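User: Please take me through this structure by question and answer, with the criteria behind each term spelled out.

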Amino acid sequence: MPKTHTLGLPRIGERRELKKALESYWNGMINRNQLREVGLEMQRLSLRYQRELDIVTVGDFSYYDRMLDTALLFDAVPQRFRGLGLYDRLNLGFALARGATHSDGDVEPLAMRKWFNTNYHYIVPELDSRCSFRLFPEDVRGQIRTARRELGPDTPLKYALIGPATFLYLSSLRETGGTGSAAGAACCAGDACGAAGQAGALELLPRLTTVYAELLGLLAQEGVAWVQLEEPILVLDSLSPEWLQGIEVSYRELQEIPQAPKTLLATYFEFANENLELIARLPVDAVHLDLVGSGWGQQVTAGAKPQTTQGSAINLDLSRLNGLPQQLSLGVLDGRGVWKADLDALLEQLRLFAHRRELLLAPSCSLLHLPYSLESEHGLVPEPLLAGLAFAREKLAELVLLRQALCAGDDAGFTPTGETQQALAEHRACRARCREYQEQQGCNAAPAQTAPARSPYARRAKLQHEKLQLPLLPSTTIGSFPQTPELRRVRRAFRRGEITGTAYTATIREEIARTIKEQEEIGLDVLVHGEPERNDMVEYFAGHLDGFAETGFGWVQSYGSRCVKPAIIWCDITRPEPITLEWIGYAQSCTDRPVKGMLTGPVTMVKWSFPRVDIPVRDQVFQTAAALAQEVRDLEAQGTSIIQIDEAAFKEAQPLKRLDWPGYAEWASAAFRRCSAGVQDSTQIHTHMCYSDFSTLLDAVAAMDADVLTIETSRSEMALLESLHQEAGLHELGPGVYDIHSPLIPSTEQLARRIRIALGHLPPERLWINPDCGLKTRRWDEVRAALRNMQQAAELVRAELQSGERTA
Ligand SMILES: [Zn+2]
C-alpha cells in the first residue's frame, strides 16, 4: 500500500508571520522568546498540514536557511565569527547570514547563492581544508520534540537533512586563514547554480561523514523512523568521477551505523537520469526521484516525456528503475508548479506499478517554493482559474487522494470507493472548468521562435555614437532609484482606489522630475526615470500584460525574511496597451540628456512567475518577447534612443543539466533578440544581469547581441572581468563599480581604481561606468554620495585617458 509524504513545506507563515517576527527581532522590537514562539507556531502549522500523510517530515523548518543550519549543526563556522562572543546558535546563525559589527570593524556575512535553478537563495557555507566538524544537535532535537509533543509517540517521523555530498558541493572552500567575504570566491566556474563542487571540498567528505554518522545515531535514539538525506546534486550531469566515487564511499560508511533510522536518499529538481547506476549502488533504504522536472530543460526525463499537456505529469519507464531499492519514493506532483495534476493520467501509470514496489508518493521536491494555500485567494484570481490551481496544502490533498485511489479496490480492478470516486470526479471537474476558462481567453498561440538578426554591431555602434554623442566612459545607472516610504504609500493607496489616477500620476511625475534633476546635478550621461511606479520589476509588467494573474497571498520565500509574490501565467501573453511610454516620455521631457527606456526581459518575466504547464515554457517566453517587442517599438517611435531590457534571471533559468545548455542558449538569446528585432540601427539596446559569472553561458549572452551589457563586478574587485575577454563576442560593457548591496559609500579613488582595472580588460570605447544593480533598496543620501564619487571617478579616468597618462 503506497505511503504519502512530502520533502518539505513552506515555513514563512500563511501570513508571513515568520518574516514579520524575524524583522521585529532584528530591529529589537521583540525578544528571543517571542521569536521562538513564532518559530514553534510555524512548525506546528507544518505538522497540521501533514495530518493526513503517512510519514511526517520535520527538520525542514529554519529561521533563515537550511544550508546555514547545516553549517551550524556541524560547527562549520568561519574563524571571523568566532570572536564575536555569540554563544547563542540562533544569533550566531543570523550573524553568519547578515554580518555583524564588532569593535574591530564589520564582519562580512557569508555569500548567498541561488538554490539550483530556483529563485530561493541559500547561504554559502565557508569551509577551509582544516575544518573539523562537531555536532551541535540542539535544533535537531528541538524540531523532533516539537513534533512528538504535537503528534504523540506513534507517528512515524522523517527528519530532513541536506546530504553530506550536496552540502560540500555547494559550500565554498577558502584558503586556510582567509578572512574576507566569500562573495567573490563563490563565483568560480560552476553549474547552473554557480556552485563549483571544488575538488578540495571533496577531501572533507570523510570527516564530514563521520559527524553525519554520529547524527544518524542520535536520530535513532530520538525514535525517528526515517532520515531524508537530500542530494539534489545527483540530478546534475556534470559530477566528476571523483565526486561520484566520494559519494559512494560516504554512503557506504553511513550504512555501517548499527543503530540508524531508515535512509531515504532524495534527489530533486530534475530526474536523476545520469546517476541512476550510482544511486542503485548506494546502500540506502529508499530513493526519491523527481518525475516532473522543472520544465526549463528539454531533456526527456524518467526515460520518457516531460509535462506537455496540462498537468499530465510523468511517464514512468519501469525498466529505468531496475536495481533501485524496492522502496521508491516517486515525486509525481509538480512541487514547483501551481497547477492541479492530472490524477487520472497519474493513476493509470501508477497502477502498473503499485503492486510491484513498495511505493512512497510525494511531490517532486520540497513545497518550499510554493505558496501555502488557496484558501486565502478569493478576490484577485478569477474563480474558474482558482479551480485549476493547487498550492502546498492542495498538493498534499492531491497526494492523499492518489493514495486512496490506489489503495481502494482489489489488485486486479483498482476500483476506488464511492467517496474516492466522487473526490476524483470533483477534481477532474475543477480542472475542466479551469481549462475551459483558459481556452476562452486564448490559449494556444504558438509565437514565432526566431528573430531576425540586426545589422553588424560595428555599423550600429557608429550610428548610435553619432546620434548619442556621449563622452568616453559614459556613466549611467541600472534603472531604479530609492523607493521611499512615501512612494510605497502612494502606490498602495492607488492600488486600493484611495487616491485618483490623476493624483497618483502627479506624484509619480514629481518623483521622476526630481530623480532626473538629481542625476543631472550629479552629471550622469545617460539618465533613467528611476522606476518609482514599480514595486517589483516583474510584478509591474505582469500587472500590465494579459496572461499573468496576480495572487493576494502567494508569497514564496526568496531568502531569509524576504519573500516574492510570483504571478501565475494562465493564458496567452499579450500587451493590451503601452506600459511604460507615459513615464519614459515624461522623464525625457524633463531633460536634454538621453533617458533610457526600461523593460524586464522575457526570460526573467517567465522565470520569476509560475508558468503554464500545457505549453512549453519556451513558448511563454516568446509570447512575452513578442509583447515586449511592441513596447520597444513604441518607445522608439516616441523618440527613446536607448532601451534597456533587463534579464536578471537569465542565468538562473539555465537548465541544470549541461546537456540542455546549448538548446537553452539558442532559444533564450533568440527570445531576447525578438524583443529588439526591427529597431533602427541607431537605437541602442542595453541589457542588465546581476552577476558576471558567464563562464557557462557566455555564448548565450553574446548571442543576445545587446549593444551594451551591464553586470555586477564590484564585490569581486572586477576579477570576474577576466572571463569576459575580448573574444567573448560581447560589445560594450558596464561592469558595476559600485556595490549597491552595501551601505558603504565607495571613495572616488576606490572607484577610479576599479575603472582602471576594467580598462585592463576592455578598450575605453567599450567601457561604461555604472553601479552593480538598481538602487531601489538604498537611501537617497547614500546614492547621491556614491554616484557623485562614481561620476568624479569616471571624469578622472576620462581625463587620464585624454591626456594620454595611461593607454588602454
Ligand atoms: Zn540587477
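User: What percentage of the contacts in the chain with a separation of 6 or more comes from residues 24 or more positions apart?
Analyst: The model is a predicted one, in which local features need pLDDT of at least 70 and side-chain atom pairs count only at pLDDT 80 or more, while totals for chains, interfaces and linings use all residues. Residues are numbered from 1 along each chain as its sequence is written. Two residues are in contact if their C-beta atoms, placed from the backbone, lie within 7 Å. Among the contacts with a separation of 6 or more, the share from residues 24 or more positions apart is 78%.

User: What radius of gyration does the chain have?
Analyst: The radius is taken over C-alpha atoms, and the globule rule is 2.2 Å times the number of residues to the power 0.38. For 808 residues a compact globule would come near 28 Å, and the chain agrees with this, its own radius of gyration being 27 Å.

User: How many helices and strands are in the chain?
Analyst: Both are DSSP runs numbered from the N terminus, helices being H or I over at least four residues and strands being E over at least two. Counted in this way, the chain has 25 helices and 23 strands.

User: What orientation does α1 have relative to α2?
Analyst: Axes are lines fitted to C-alpha atoms, for helices over the stretch in contact, and angles run from 0 to 180 degrees between N-to-C directions. The axes of α1 (residues 17-26) and α2 come within 9 Å and cross at roughly 165°. Angles under 35 degrees count as roughly parallel, over 145 as roughly antiparallel, 65 to 115 as roughly perpendicular and the rest as oblique. The orientation of α1 to α2 is therefore roughly antiparallel.

User: Which residues of α2 make the contact with α5?
Analyst: Helix α2 (residues 32-49) packs against helix α5 (residues 138-151) at an angle of about 55°, with the axes 10 Å apart, and the two are therefore oblique to each other. On the α5 side the contact is made by Gln 143, Thr 146, Ala 147, Glu 150 and Leu 151, and on the α2 side by Leu 40, Gln 43, Arg 44 and Leu 47.

User: Is Phe 269 buried or exposed?
Analyst: Phe 269 lies in the loop between β11 (262-266) and α10 (276-281), and its phi is near 90°, a positive value in a residue other than glycine. A residue is buried if 20 or more other C-beta atoms lie within 10 Å of its own, exposed if 12 or fewer, and partly exposed in between, with C-beta atoms placed from the backbone. Because Phe 269 has 29 C-beta neighbours inside 10 Å, it counts as buried.

User: What is the phi of Asp 705?
Analyst: Most residues other than glycine have a negative phi. Asp 705 sits in the loop between α23 (698-704) and β22 (708-711) and, with 21 C-beta neighbours inside 10 Å, counts as buried. Although Asp 705 is not a glycine, its phi is positive, at about 60°.

User: How far apart in space are Glu 466 and Ser 682, C-alpha to C-alpha?
Analyst: Glu 466 is found in helix α15 (residues 457-468), where it counts as exposed with 9 C-beta neighbours inside 10 Å. Glu 466 and Ser 682 are 216 residues apart in sequence, and their C-alpha distance in space is 8.4 Å.
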